[in-house]
Amino acid sequence: MAKGLFGSSLVKKYWMALTGLFLITFLLVHCAVNAAIFVNDGGETFNKFAHFMGTNLLIRSMEIVLFVGLLAHIVDGLMLYFQNRKARPTAYAKQNNNSSSTWYSRSMALLGTLILFFLIVHLGNFWVKTRITELSVIDQHLYYDGEKYENLFGEMQLVFKELWVVIVYVLGCISLFWHLLHGFKSAFQSLGLNHSKYKGTIAIIGDAFSVIIPAIFAAMPIAMYLEWIA
Amino acid sequence: MEGNMNLKLKIWRQKSTSDKGAMKDYQLGGVSPDMSFLEMIDVLNDKLIREGDDPVTFDHDCREGICGMCSMFINGEAHGPNRGVTTCQLHMRSFKDGDTIYVEPWRSAGFPVIKDLMVDRGAFDRIQQAGGFISVNTSGRTMDANAIPVPKEDADKAFSAATCIGCGACAASCPNGSAMLFVSAKVSQFALLPQGQPERKERVLNMVKQMDEEGFGNCSNIGACEVQCPKNISLENIARMNREYLMANIKPEN
Amino acid sequence: MKLESRIPEGSLEQKWTKYKNTARLVNPSNKRNIDIIVVGTGLAGSSAAASLAEMGYRVKTFCFQDSPRRAHSIAAQGGINAAKNYMNDGDSTYRLFYDTIKGGDYRAREANVHRLAEVSANIIDQCVAQGVPFARDYGGLLDNRSFGGTQVSRTFYAAGQTGQQLLLGAYSALSRQIGKGTVQMLNRHEMLDLVVVNGKARGIIARNMITGALERHSAHAVVLCTGGYGNVFYLSTNAMGSNVTAAWKAHKKGAAFANPCYTQIHPTCIPVSGDHQSKLTLMSESLRNDGRIWVPKKKEDVEAIRAKKLKPQDIKEEDRDYYLERRYPAFGNLVPRDIASRAAKERCDEGYGVNATGEAVYLDFSSAIVRYGKAQANVKGLANATHEQLVELGTEVVKEKYGNLFQMYEQIVAENPYKTPMMIYPAVHYTMGGLWVDYELKTTVEGCYACGEANFSDHGANRLGASALMQGLADGYFVLPYTIGNYLADEIRTGNISTDTPEFVEAENNVRQQLESYFKTSGKNPVDYYHRRLGKIMWEKCGMARDEEGLKWAIAEIKKLREEFFAEVRVPGSMQGMNPELEKAMRVADFIDLGELMCLDALDRNESCGGHFRVEFQDADGEALRKDDEYNYVAAWQWTGDASKPNLVKEPLIYENIKVQARSYK
C-alpha cells in the first residue's frame, strides 16, 4: 500500500468507517448473545452462551482485536475532532447549523464520549468481574446438567437493582442510537459505497439497526429492574 | 429611496488579514424587496461613503450566480437562507422589515480573511493546479470530438459535478471546515469521462494531498455542504472520490 | 498612422495555411528566454496563456478577480459555434464564414472571419479532450442546437452553462501550467498602464489590489485579453468588474481603438426592476429556439396587463402579436440579436410594452411545452393524453433543456416562467468594437496584442450568438500562438528587460499621480453615482437607437460629467491596502473617455449597420440602411492627448469572396 494510506484526511475516514463497521458487527453479536436473557429460563441459556463466549479461544482472541479496534476508533475520532476544530480558527458569530444538518451528525465526538463513559461503567460492572476479579453475586456459579457455569445472569440481576445504573445504561443506549444513526450510513459513504442505487437500502438498514440494537440493549436493564425477567 | 424595509445589519469588519476584526452594527432603511442582497450592501456602502466611513469590502463580480466570487455567510448560512442560490441571487424579499441580519465572511483555515467579508480562496486554485486537469496540449490536434462516444448518463453526471463554481460555500458551511465537496466535484468530473482515465489515480492522490496541506478539515459526512451548495453538487461525488482515492492507493498503477 | 492589416495574399481558403507555413518560428531554447505578459484570464486569456506556456515561453498572467476562473466568460450561457456539420444539415466552414460576415452586417474582415470558421472545429476537439462535458445525445455523441442568424444547428452547448464549462476547461489548462511553474499567475492585480519602450510594448504597471502596491512587470510582448466595455452603460449583462481600463491605457499609449460604437444589445434580458439595479441578467439566446416572442395586439389588453387585471396566458392566440414571426417569416424568432432588439424596442415605443415601465415583451414557452409534451406522449404511447398531461410532460423536457435559466429567472423575478411567459427586454451585452488589430492580432503598438472581445476583429457590426466563445478560444488557442512567434522571432537577442528604465519609472509615477489625485478632492458623491449618470446618457443617446442631435447632446453631457467627476468624486480610504472604490474610480474615469469616443464614432458613421442604428438611416419598414459606398471601413481612432479630439484612421473593408448586399432575414 502506498505511503499516503497512513496520513491523509481520507485515510482517517477509512479507518473510522472500518473500525466503526467492525464495532457494529460486535454490537450485533453482543446483542444476540445477551438477548438470551429474554428466554426467561432463570438465566440458563444466557449463562451457557456467556460461558461459551468466555472460554472459546477464538472469541477470546477477538476480544483483543475488539479492544484495539475500539481504541483505534477513539483515537482516530479524537484526531479528527481536534483537526477539524483547527480548520475553523474563528467561530461564526451566528451559525444556523440545524437548517442544513442534523445535530447528531455534528456531535459524533460528544456522543462517542458519552458512550465511552457508559462503557467504563459497563466494563467495570461485568467484564472486570468476569475476567479479572470476581462476581459480586452470592451464587457465583450455577450447575446445569452437572456442569459448572459462571452466574452472569445473577450478576446482571444484582447490578440492575440499582436505579441509577439502569438510568446510566438507558442513557448509554440512547447515545448509541444517535451515534449509530449517523455512523452506520456514514461508514458506507466514507468507503465510497454510496451509490444512488443502494443509497436507499443502506439508509433503511442503517436506521433500523440504529433503533433495534440499542432498544434491545436498553430493554435488558429495564426488564431486570422491573423484574419482568427473573 | 424606493424601498421601505428597515434592517439591522451585523457585519464583520476587519481591516486586514492581521487585524483582529469584530462584528459591527448598522441600521439601514429604504431597502426594496426587489433588491438583491448585494444591491442592499451597495446601498449601505453608498451611505457609508457619504457619511465618511469606510465601505464594506466584499467579493462579487457577475451578480448572476455563476462566477463564484460572492461569498457571504448570512444569518448563519452560506449564501443565506435560500437553497440553490448564491448571495447575489438572494433577494431582499426573502427577509422581513425589521429583521436583524448577520453577515460574516467564510470562516476556514484555508480561507484567510483579506478584508471585511473578502477572503483568499487561493487554496482552491492550488488544489486545481495539483491535478484538476487533463494533460493534453493545446494544439487542437487531438482527435475528432466524436471519436469516443460518452454515455449520456456519464456525460450528464460529469456535467453536474462540473457545474461547481468554486465559491467555497462547502468549506464555509461544513461544521468541520472540510473542502471535500469542491475537490470531489472536480475529481468526479474527470473520473467519469473517458478523457480523464489516463491520469485518474494520480489526479485524486495529488488533489487530496494538496487539499490536506491547505488546512481544511476532515469530512465526517455531515452533509451540510450539499444542502448549502448553491449549485446542488451531490454528496455522491464525495463517495466517488473516497472510492477513487482508495482504489488509487490499493492499486497505484493504472 | 497607416493601418496595415497584413492579410496574407492568396485565395481565402489558403490564407491561414499559407500564413502558418511562412510565419517565422522561435526555437525551443530561445522560447525559454522570452517573457510574455497576458492580461485577463477569460477564454482568450486563459487559453492564450496556457498555449504560450505549453510552447515554452515564460508567461506571466494577470487578473483582477480572486481567481482566473472568475473571468466573465464564465457567464456565457447558450453555446459555441463550430462548423462540424455533425447534424448533416448542410453546414460547412464556408457557411459559418458567410453567416458570420452577413450577421456582422458586412463590416468585418473576410480573412479573419474565414480563419475563425476554419479553426472552429478544432476548438470542439480541443475542449472535449480537456474534459469539457458538452451535452450529448443518447448515442453518446455531441448534441447541437440552433442559434440566431443561422439556418443550421452548429451550436455545441453544456446546458445553459457553456461559457462556464469552456472557461473551466481553459482554466484547467492554465492551472496545469501554473502547477508546472511555466505560468506565473498574479490574481487580484489590475493593469493600470502599458509601458512602451522605443515603440515596442515592454511591460505593464499593475496594482496589487490587496496591498495597494504598484508593480512593474516587463516582457517581450504584452497580450491584452481584457474583454469588452459594455459597462460603460453602467447597466449591462457584464460582470461588475468588467472594464475597459487595460485596453484604454493601451489606447492612450498608441493602440488604435476600432469601431467603438458597435455595441450589441441583447434582446432577451430580464427587464430593469428599479433604481437600485446594479446589473442586468441575460436569458440565453438559446431560449429563442423554443420561446416565442410576442406582445398583445390590443392596447386595452396592454393596459389591463399593466394594471394586473389580466394575465398574459389568458390573452387569446388571435390577440397576440408574434411580431418577429410576422416581420421575419424566414428566421422568425431566430433573427440576429440586433434585429430582435430593435423590434422589441419598436413595439415598446409604440406602447405595447407589458410591464409597469412599458419596457418588456413576452418570451413564451407554452407552445413549445405542448409540442414537446405531444412528442413525449407519443414516445410513451399515451394516445389520449389530456392537455394537462401534455403540459406536464413538456415541462419536463423544457426543464431539462433550460432548467438553470428558468430557475435564474424565477429567483430574480419571483414568477414561475413555466406557467407565466417570461418578461424580457434588450440590454447591453457585448461590444464588437475594441482595440484595432491586424491579421496577426497585433495592435498598432508593436508587441502589444489583443485577443477575444478586447479586439474588434471578427464580428463586424453585430455578433451572432455563440460566436464570442468561438472567437475567444480561437484567438487564444489557435491564432495568437502562431502569430506572436512571427514577432518574437526578432526578440531572441533582446535578453531580459529591465524595469528600471525611465519609461517604467515614468509610467509608474503617472499611475501613482492619477491614483493620488482621487484622494485630494474633498468629494461629494461615490463613484457609482457618476457611473450611473454616464450609463444613462449612453443608454439613452448611444444605445439601441442613435441620432445626430442626441449624440451631440451626449458628448456635451459627458464633458460636463467628466469635470464634475474629477472635481467632486469621493474616494474613501487610501492608496494602501484593499480599496475597491479606488479601483472603480480608475475604471469610471476611463469609461468617461471611452463614452465620448463611442458617441464621436457613432456620430461619424452616418449609416445604420448591425448594432449601430442611426434613426436618420432606415428604410420604409424601419430596417437598418447601410451606406456601403461611404462607410465600408473600419473606423480606427487614435489617441491625441485630448479625449474630445481623437484622430480617425480608416481601414477600408474589401470583399472579394462575398457579395455585399442588404441583409435580409425576411
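A nonpolar core here is a set of buried Ala, Val, Leu, Ile, Met, Phe, Trp, Tyr and Cys residues joined through C-beta atoms within 7 Å. Buried needs a cut-off too: 20 or more other C-beta atoms within 10 Å of a residue's own, with 12 or fewer counting as exposed, anything in between as partly exposed, and C-beta atoms placed from the backbone.

This is a predicted model, where local features need pLDDT of at least 70, side-chain atom pairs count only at pLDDT 80 or more, and totals for chains, interfaces and linings use all residues. Residues are numbered from 1 along each chain as its sequence is written, chains are lettered from A and ligands numbered from 1 in the order in which they are written.

Core first. The largest nonpolar core holds 333 residues. Val223(C), Leu224(C) and Leu435(C) have the most contacts inside it. Contact means C-beta atoms, placed from the backbone, within 7 Å. The top contributor to this core is helix H17 of chain C, residues 580–604, with 13 residues. Helices (H or I, at least four residues) and strands (E, at least two) are DSSP runs, numbered from the N terminus.

Now the chains. Which pair has the most contacts? Of the 2 pairs of chains that touch, chains B and C do. Chains A and C do not touch, and their nearest C-alpha atoms are 20 Å apart.

Chain A has 8 helices and 2 strands. Its order along the sequence is α-α-α-α-α-β-β-α-α-α. The C-alpha atoms fill a box of roughly 65 × 40 × 35 Å along the principal axes. Of the 230 residues in chain A, 33% are buried.

Chain B has 8 helices and 7 strands. Its C-alpha trace spans about 60 × 35 × 35 Å along the principal axes. Of its 254 residues, 63% count as buried. Among contacts in chain B with a separation of 6 or more, 71% join residues 24 or more positions apart. For chain A, that share is 73%.

Next, the A–B interface. Here 42 residues of chain B contact 37 residues of chain A. On the chain B side, strand E5 (100–104) and helices H6 (200–213), H7 (224–228) and H8 (236–250) each supply at least two residues. H8(B) gives the largest share, 10 residues. By type, the chain B side splits into 19 nonpolar, 15 polar and 8 charged. The classes: Ala, Val, Leu, Ile, Met, Phe, Trp, Tyr, Cys and Pro are nonpolar, Asp, Glu, Lys and Arg charged, and the others, Gly among them, polar.

How do H6(B) and H8(B) cross? Their axes come within 9 Å and cross at roughly 110°. Axes are lines fitted to C-alpha atoms, for helices over the stretch in contact, and angles run from 0 to 180 degrees between N-to-C directions. H6(B) and H8(B) are therefore roughly perpendicular. From H6(B), Lys201(B), Val204(B), Leu205(B) and Val208(B) meet Met241(B), Glu244(B), Tyr245(B) and Ala248(B) of H8(B). That contact counts 6 nonpolar, no polar and 2 charged residues.

Last, two backbone items. Asp116(B) has a positive phi, near 45°, and is not a glycine. Asp116(B) sits in the loop between strands E6 (113–115) and E7 (118–119) of chain B. Asp116(B) is buried, with 25 other C-beta atoms within 10 Å. Ala159(C) also has a positive phi, about 45°. Ala159(C) lies in the loop between strand E5 (153–156) and helix H6 (162–180) of chain C. Ala159(C) counts as buried, with 25 C-beta neighbours inside 10 Å.

Key: Angles under 35 degrees count as roughly parallel, over 145 as roughly antiparallel, 65 to 115 as roughly perpendicular and the rest as oblique.
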